[in-house]
Amino acid sequence: MAAQFQAVIMAGGAGERLRPICEHIAKPFVPIHNKPLITYQLAWVKEAGFTEVFVLVLPSSKLMMEEVAQVYCPELKVHVRVTSEESDTADALKSLEAELTKDVVVVSGDLVSTYPLLPVLTNHSKTDATVTVFARSSAKKDRKDTFKREKQQTEFIGYNPHTQRLLYFASSGEVEDTMRFGKRFLQTRPHMQLTTTLADLHVYVFSHWVLEFLKSKPLITSLKHELLPLLISQQYKPINEGMLGALRYPPPAGKITTTVDFNNLPDDSAEFVEEFNHDMQHMFSSPHKDDHLRCFVYILPAEHEGPTLCARANYLSTYAELNKELLKTVREAPPVVEGVRVQIGADCAIGPDLQAKEGLLIKSSLLG
């Protein structure tokens, strides 16, 4: 399956939201369970069957990236490419246009996942999707257990829970106080459920023609904030067949069951949503048949969300939580400090160069 795709890891972020950790070390090399962060994405794509991968980094990280890749994943052919700090994700992907000849999976450089990538790729091929977005359920506590002054974005995702068709995509910073959906939009998306309880993991699988389309759109600079919303919004519309090729997907049929999950939305919106759903049931007939673009969301299966680790180290709070969770999932012998009597708990990860005083007790810590 991996032979049908090429993999790109976006590791060119400056790590502003991980300061002060990133003040003296580039984000790709920040330690997670005493291993550089980038090694988790390299291992992830390797486990999916990839033999080579493109990694986009800042100029100052190029040499270090080549060394880390050779030490931690010597059997993986890593093509390190440079991007600028001013370039957003779409611009960075455009820079690889000449080297990307297949469908491509774009992986965020801060993702740590023990859930395999292969099912996401398989689902993309099975549905003949234009784009597939990898997401997981986001419990309320995920947004409460944050450090002070952290302002984490909430995603508004509309999808068909029966087919996983992705129908609407926006971040909290892009949504006004009132969300408006036109009649035609809802007529062509009769089973849409709108929710804020899905977290975008920044893993996107694109059909190759999207790269050609992206090349022709110099004003599109961001994959998440510009390209994805554009592709998703253009579904069920008549589109130039020459540009999209013979991409088809049968539109959903049957009774309109548009619903809105108003979990975490303002309390006073409940009455509006209920009335809105009632009106929609009587307003529309069959969905529109023009359906050339097909966007899907692959949601981490519920049975894997407990023991499976799948999150991004994009904030100080999530960085700390990932380290704690890896201590639970990675079972190793309790660390030992040579030459002194030190008690170190089994829930600790200790680097080889630790120096400690006699009689020290260490619990629930990661010391590199």
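Q: How much of the chain counts as buried?
A: Of the chain's 368 residues, 49% count as buried, where buried means a relative accessible area under 20%, exposed means over 50% and partly exposed lies in between, using a 1.4 Å probe and protein chains only. This is a predicted model, in which local features need pLDDT of at least 70 and side-chain atom pairs count only at pLDDT 80 or more, while totals for chains, interfaces and linings use all residues. Residues are numbered from 1 along each chain as its sequence is written, and side-chain values use heavy atoms, leaving out hydrogens and water.

Q: Why does A313 count as buried?
A: Its relative accessibility is 0%, under the 20% limit, so A313 is buried. A313 sits in the loop between β15 (310-312) and α11 (316-329); helices here are DSSP runs of H or I with at least four residues, strands are runs of E with at least two, and both are numbered from the N terminus.

Q: What does A313 touch, not counting residues up to four places away in sequence?
A: With contact meaning heavy atoms within 4.5 Å, A313 touches L18, K27, I32, L37, D110, T318, Y319 and L322. The C-alpha atoms of A313 and D110 are 5.2 Å apart, although 203 residues separate the two in sequence.

Q: What makes N34 partly exposed?
A: Its relative accessibility is 28%, which falls between 20% and 50%, so N34 is partly exposed. N34 lies in the loop between β2 (31-32) and β3 (35-36), and its C-alpha atom is 9.0 Å from that of N323, 289 residues away along the chain.

Q: Why is Q6 called buried?
A: Q6 has 10% relative accessibility, under the cut-off, and therefore counts as buried. Q6 belongs to strand β1 (residues 5-10), and beyond four places in sequence it touches residues including F50, F54, L100 and V105.

Q: What makes α7 and α8 roughly perpendicular?
A: Their axes come within 12 Å and cross at roughly 110 degrees; such axes are lines fitted to C-alpha atoms, for helices over the stretch in contact, and angles run from 0 to 180 degrees between N-to-C directions. Angles under 35 degrees count as roughly parallel, over 145 as roughly antiparallel, 65 to 115 as roughly perpendicular and the rest as oblique. The angle between α7 and α8 is in the 65 to 115 range, so the pair is roughly perpendicular.

Q: Which residues meet where α7 and α8 are in contact?
A: W209, V210, F213 and L214 of α7 meet L223, L227, L230 and L231 of α8. These divide into 8 nonpolar, no polar and no charged, with Ala, Val, Leu, Ile, Met, Phe, Trp, Tyr, Cys and Pro counted as nonpolar, Asp, Glu, Lys and Arg as charged, and the others, Gly among them, as polar.

Q: How many disulfides does the whole structure hold?
A: The search finds 0, a disulfide being a pair of cysteine sulfur atoms within 2.5 Å.

Q: Why does C310 count as buried?
A: C310 has 5% relative accessibility, under 20%, so it is buried. C22 is buried too, because its relative accessible area is 7%.
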